[in-house]
Structure formats: C-alpha cells, structure tokens
Amino acid sequence: MYMEGNNKGPQIALSDKERFPLIQDLSLLNELRQDHLAPKFNFMSGDRLTANSLTMVENYALEIRGKTEFWTEGKFPEWLGAFFQACLINVPFYHNRKGGFFNQPSISRDDIRKQPWAFVSKEADLNELLVYQTSGTTGAPLDVLFDPVSQACWLPQMQSILDLYGISIGDKARKVAIALICSQQSTLTYASLSSYLRGKGILKINLNTADWKDATHRVKYLEKYNPEILTGDPFAFMDLLELKPQIQPKALISSAMKLNAGVKAELENYFNVPVLDVYSLTECRNIAVAENGRHRSIRPDLFLEIFHPDRDEVLSEGVRGELVVSGGNNPFLSLVRYRTGDYCSLRMEDGIPFLIDLEARKQVTFYSLEGKLINPVDISRRMTKFPLAGFRLHQEASLALHFEAWTNEELTETLTLELLAIFGAVPVKVKIEKVGDGTAAKIVSYSSYFSETDL
Amino acid sequence: MVELYTLLSHLKGCPEVFLEQPVENPVSINTHALVADCFRMVSGDFLLDNNAIPSTKELNDLDGNIIPAIRIGCWLFSHSIFEGKPELLPAIRLFMFQKLPVLAPLVEKMQWLEDEDRTEEFVRLALRCCEILTDRETQIQAEDRLDALDTIKRQKVLKESSGAFERMMEIRRKMAEQKAREAANVYGRE
C-alpha cells in the first residue's frame with residue numbers, strides 16, 4: 001500500500017521517453033489518457049524497462065513459469081547457498097555474519113525500516129533505484145527500495161498464477177491488459193503501457209466519483225477498454241460490484257488483505273471467472289495464491305520456513321509459526337530469513353510448498369456515521385502528515401473510536417478533528433503517549449468490532 | 001634467545017641521521033653505503049663481494065618514499081643479534097626490497113619509530129622474514145600477533161568502511177531524490 005496523494009508524495013518528473021524506453025508508438029497511451037470517458041488522471045507512470053532489463057524480466061518469466069518442483073521435502077533449493085554467499089559478500093547488513101544459512105538469525109520489518117540502505121547489494125546499480133513509501137496500514141511505514149526489473153517481475157509472477165487456471169493475457173482485440181481498481185478518498189491514478197506485455201495498456205483508476213468528470217464514466221470507461229485482468233483489494237472490488245459493469249475480465253486478482261469467502265463468491269457469481277486471493281508483501285511481491293482453503297506458493301525463488309514466533313527456531317513441517325522468507329530477485333532488498341509477521345504452517349506437496357491456515361493481514365473494517373466503509377489505507381495516509389511515532393485505532397460496535405498515538409506533541413484536538421473529518425460525528429477518544437527511549441518499533445495497528453463479521 | 005622488547009627498544013633508538021634523505025641533507029650518510037654496511041655486518045665479512053650487496057641501481061629503482069624505511073631497516077639489522085649470520089642475507093633482502101616497498105607508502109616514516117604498533121609490526125615482519133621466533137612465542141602466536149598489526153589489512157578495512165560509508169550516503173541521497181519522483185508501474189495492491 002503506497003503513500004500517495006499527500007504533500008510528501010512523488011511528483012511527475014519524467015518524459016514518456018524515459019517512462020517507456022522501448023515503446024516507440026505511444027498512440028494507445030494517448031488514447032487511454034485522452035478518451036472523453038477517461039478519469040481525471042492525476043499522475044503518470046511507465047515501466048522504465050530498457051532492452052537489457054526487459055530481457056531480465058523475460059528470463060525471470062522463463063525461470064518461474066511452469067516450474068513444477070521448487071525444492072524437495074526436507075531439503076532446500078539449489079540456489080539458496082549461492083544466494084546467501086552473495087549476500088555475505090555484497091550486502092552490508094550481512095557482512096559480519098558467521099556460519100552457513102541455517103545458522104542465521106531472522107530479520108524483521110524494523111531492521112529494514114531502520115536502515116534500508118544496508119540491504120542494498122554492492123552490485124545494484126544506484127541509477128536504477130526506485131522507492132516506495134508504504135503507508136503502514138499493516139505495520140510501521142517503510143521505505144521499500146527496488147528497481148524496474150523487480151517491479152515488472154510482478155507480471156510473470158501473475159502469469160504463473162494464471163497459468164494454473166489456463167488463462168493467458170494478450171488478446172489482440174483488447175487494448176488494456178490490467179486495470180488496478182482502487183476505491184479510496186484519493187490515490188495516484190494513471191494510464192500506462194507495458195513493454196513486457198508487448199505494449200498493452202495498464203490502468204490504475206480510482207472509483208471515487210471525485211476522480212471522474214461524470215460518475216457514469218467509471219463504468220463506461222471500463223466497459224470500453226474491457227481489461228483482461230482486474231487487480232485490487234476487496235474494498236475496491238466490492239465497490240466495483242455495486243457499479244455492475246458489463247465487462248468480461250479473465251480473472252480478478254485480489255491482494256493486500258484477506259479476501260473473505262462471501263465477497264469472493266459474490267465476485268465469482270457476477271463475473272463468472274476465477275477470483276484469486278493472492279498473498280503478497282511489498283517487501284518481496286507475490287508469494288502465494290489461495291487454493292482449496294490453503295495457499296500455494298508461486299515463487300521458486302523464495303525459500304519459505306516457519307519460525308517460532310518468539311525465538312529463532314525453525315519449526316518442523318506442519319507446525320504453525322511465523323512465515324519467514326529468503327531470496328527474491330530485488331538487488332535493493334536482499335532478504336535472508338525475513339519475518340513476514342504472518343502465521344501459518346508449511347506443507348510440501350510434490351516439491352511445492354503450501355501455506356496452511358495462513359493468517360495474513362486481516363481485513364479491518366471501519367464504518368463512518370453514515371454507514372460508509374472506511375479503508376484503513378485512507379486513515380494511514382491522512383495520519384502521515386502528523387508527527388506520530390505510531391498509533392492504534394479501534395472502533396467499537398457503537399462506532400466509537402479509540403485512538404492511541406505516540407508523539408511528543410500535544411495533538412489531541414488536531415487528531416480528534418482529523419478523525420471526525422474521516423468518520424463523521426462519531427464519539428472519539430484520543431490518548432497521547434509520550435515517545436520515550438523505550439519506544440521500540442513504530443506501531444500502526446487497526447482493530448474493529450466489525451472486522452470480518454459482516455462483509 | 002631473542003627478546004622482542006630489546007629489538008623494539010633498539011628500533012626506537014634509531015639515530016636521526018638514518019631518517020634523513022641525502023637529497024635533503026647532502027652530508028647525510030649515503031643510503032647505499034648504509035645498506036652495504038648492514039649486509040657486511042650481518043654476513044660477518046667486511047670483504048663481502050659487491051655482488052652479494054644490493055646495488056645502487058636497485059635502490060635507485062625504488063620509489064623515493066621507500067628509502068627512509070630501508071634506512072630504518074639498516075638500523076634494525078645493526079643490532080648484535082643479527083651479526084655474523086650470513087644465512088639471513090636473503091631474508092633481509094626480501095624484507096627490504098619486497099616487503100617494505102609495499103608497506104612504506106602506507107606508513108609515515110616517523111610512525112615506524114613513534115607508533116608502538118608500527119614499531120612492533122616492523123620488527124615482527126623483519127623477524128618473520130628471517131624465520132626468527134622471539135622468546136616464549138610459538139610460530140602461531142607470532143603469526144597471530146603480526147596479523148593483528150598488519151597495515152595492509154588495516155588499510156583494506158579502512159578503505160572498505162570508507163567505501164561503505166560513501167555508498168550508504170549515496171543510497172540515502174538517491175532515496176531522498178527518488179521518493180520525490182515517480183517510480184514505475186504498479187500492477188496490483190500489496
């Protein structure tokens with residue numbers, strides 16, 4: 001979840017030539033941007049892929065698509081030893097580590113938050129460095145460093161999921177391959193293209209009527225371009241469902257928070273296509289896809305282990321604990337035993353790891369006084385303008401809010417007003433805690449009486 | 001029995017005239033004369049053949065900043081424990097003409113005499129070339145101690161830390177720059 005649309009957000013800074021080094025014909029881009037039904041796009045974006053980096057993405061696709069065995073039970077992937085040795089040599093955070101991979105301690109989100117530069121490989125070209133600032137909806141805000149290649153590799157990762165369902169992208173009759181559907185108070189929106197998908201259109205749109213010249217254009221624009229794949233989170237898909245667009249996506253990919261069975265069923269009934277619940281993290285992109293009540297790993301380049309929640313002890317297969325990941329393909333964030341903060345047990349089946357009973361980021365539901373759903377992303381985004389070391393928000397059945405914030409400034413009234421602006425005139429109780437030396441990590445946590453009970 | 005501390009003390013007592021460069025002071029002792037005297041004393045043969053002594057050309061071929069270290073070496077080997085031991089000549093040649101040329105550019109000449117660690121490194125390196133162990137030390141202990149004093153390693157670490165620091169600052173600068181700019185397409189929520 002990216003911090004967008006605030007005064008610290010990114011600015012448009014490139015030319016289309018820099019956004020799309022490999023695409024000469026930008027007529028589709030202009031069409032998508034200038035269509036009379038188009039939203040009031042507020043941003044621009046490209047894939048930034050050069051010929052060399054496109055080859056890297058294509059090689060990555062060859063590597064992960066159709067891989068039938070990731071590693072054998074009780075063993076580990078062949079690439080792991082070389083990956084770890086490369087980390088010891090090239091990644092400052094691991095320089096003084098002793099012993100082999102299996103002697104290594106785990107690392108946490110806080111390690112990355114405190115010194116993201118320490119995870120950058122010496123071999124990474126800093127001219128390729130890109131930054132996303134996460135909003136901290138599922139934890140403390142985090143700067144995630146990456147490059148155009150690891151970003152574009154989202155596409156082959158998605159294809160490897162679609163391969164499981166026999167779905168391919170690339171209909172000649174359709175101009176737009178992917179539409180990322182958002183439903184937020186504000187977010188960056190743009191029309192773009194993908195070199196990897198042979199120049200197909202990519203859309204990031206916000207269903208909020210304020211983003212459109214006419215509210216009816218939301219459906220008309222989608223119907224006109226009929227994207228092959230829709231991506232988004234359950235909030236956005238629920239709002240899309242209400243609009244009843246006459247579109248024929250080949251699949252819906254839901255991520256960022258858990259997709260409830262009820263919402264999934266409704267979406268599947270309406271669109272009559274697979275609705276895939278993907279487990280992903282900004283730190284390492286897509287990890288697994290829900291399949292028959294469990295999650296199938298889709299990343300042969302990510303080694304998965306289960307650790308004891310409180311100590312660095314690897315748990316046996318079938319024992320529940322915290323999911324820990326190593327590997328990936330981002331030279332700007334080399335992960336060796338990274339604790340995801342999510343819980344499950346692991347089971348190997350024919351060389352593929354499955355996550356059992358994954359308890360990932362919970363979908364936390366808030367309601368405004370008028371009964372409107374509030375997305376925690378919007379709350380996080382609005383809170384970033386205040387000097388908070390962290391905060392907790394809980395909503396009771398009465399809609400009353402309890403907001404606890406860590407800050408050394410007196411912000412009780414300001415924060416109360418901000419919450420009232422979001423939620424309407426619900427009862428608000430704000431408690432300020434001083435940030436002392438003992439304050440460890442930034443805390444951002446949401447809980448609600450309504451979570452996962454009535455969606 | 002060779003007492004390390006005797007040699008350390010001896011080295012620190014190097015006369016000033018050994019530290020002067022003939023170019024700086026024309027009346028200073030000629031470096032080739034010092035080297036020749038050193039080799040003759042160690043060999044115990046004051047009629048030692050000139051071919052067994054490093055030539056003026058060999059000295060002239062060395063970088064100027066290495067000469068002071070060689071002159072200090074001549075003082076070290078003037079200690080009586082090296083006298084009359086012709087078997088040490090190849091080792092002394094190795095020390096003066098192969099080891100010191102690597103170290104000398106990294107150490108200011110007075111540090112060999114005034115910095116305890118550099119004095120010890122100088123003496124220990126000379127002893128290792130000569131395969132002489134000091135009192136009560138095993139070879140492993142001597143190697144460990146010399147390793148701990150190693151200027152080359154120290155410089156490498158310093159260079160690496162300095163390189164790492166510069167890299168970190170560069171990443172931080174780029175991060176600040178890139179945070180304010182558009183990144184690349186986002187395809188799904190995370």
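User: In which sense do strand S9 and strand S10 of chain A pair, and over how many bridges?

Analyst: This is a predicted model. Strand S9 of chain A covers residues 285-291, and strand S10 covers residues 294-297. Their pairing is antiparallel, and the number of bridges is 4.

User: Which residue in S10(A) is the bridge partner of Ala288(A)?

Analyst: Ala288(A) has its bridge partner in S10(A). That partner is Ser297(A).

User: Which are the edge strands of the open sheet in chain A?

Analyst: The open sheet has 12 strands with mixed pairing, in the order S4-S5-S3-S6-S7-S8-S9-S10-S14-S13-S12-S11. From one strand to the next, the twist averages 35°. An edge strand pairs on one side only; here these are S4 (190-194) and S11 (302-307) of chain A.

User: At what angle does helix H2 of chain A run to S4(A)?

Analyst: Helix H2 spans residues 27-34 of chain A. This helix lies across S3 (176-182), S4 and S5 (200-206). Its angle to S4(A) is about 160°.

User: What angle does the direction of helix H10 of chain A make with that of S8(A)?

Analyst: Helix H10 (residues 261-271) of chain A packs on the sheet. There the helix touches S6 (229-232), S7 (251-254) and S8 (275-281). With the direction of S8(A), the angle is about 130°.

User: Is the aromatic pair of Trp154(A) and Tyr187(B) stacked or edge-to-face?

Analyst: The ring centres are 5.9 Å apart, and the planes make 25°. Planes under 30 degrees apart count as stacked. The pair of Trp154(A) and Tyr187(B) is therefore stacked.

User: Why does this pair join two chains?

Analyst: Trp154(A) is buried at 3% relative accessible area. Tyr187(B) is buried too, at 2%. The pair joins two chains because Trp154(A) lies in helix H7 of chain A and Tyr187(B) in the segment after helix H10 of chain B.

User: How many residues apart in sequence are the parts that Phe18(B) and Trp75(B) tie together?

Analyst: Phe18(B) and Trp75(B) form an edge-to-face pair, 5.4 Å centre to centre with 70° between the planes. Both residues are buried. Phe18(B) lies in helix H2 and Trp75(B) in helix H5 of chain B, so the parts tied together are 57 residues apart.

User: Over the face of which residue does Arg172(B) lie?

Analyst: Arg172(B) is 4.3 Å from the ring centre. The ring belongs to Trp117(A).

Terms used. Residues numbered from 1 in each chain as written. Chains lettered and ligands numbered in written order. Predicted model: local features only at pLDDT ≥ 70, side-chain atom pairs only at ≥ 80, totals over all residues. Heavy atoms only, no water. Pairing = 2+ DSSP bridges. Axes fitted to C-alpha atoms, helices over the stretch in contact; angles between N-to-C directions. Contact = heavy atoms within 4.5 Å. Phe/Tyr/Trp six-rings, centres within 6.5 Å; stacked < 30°, edge-to-face > 60°. Buried < 20%, exposed > 50% of the residue type's maximum accessible area, 1.4 Å probe, protein only. Lys NZ or Arg CZ within 6 Å of the ring centre and 35° of its normal.
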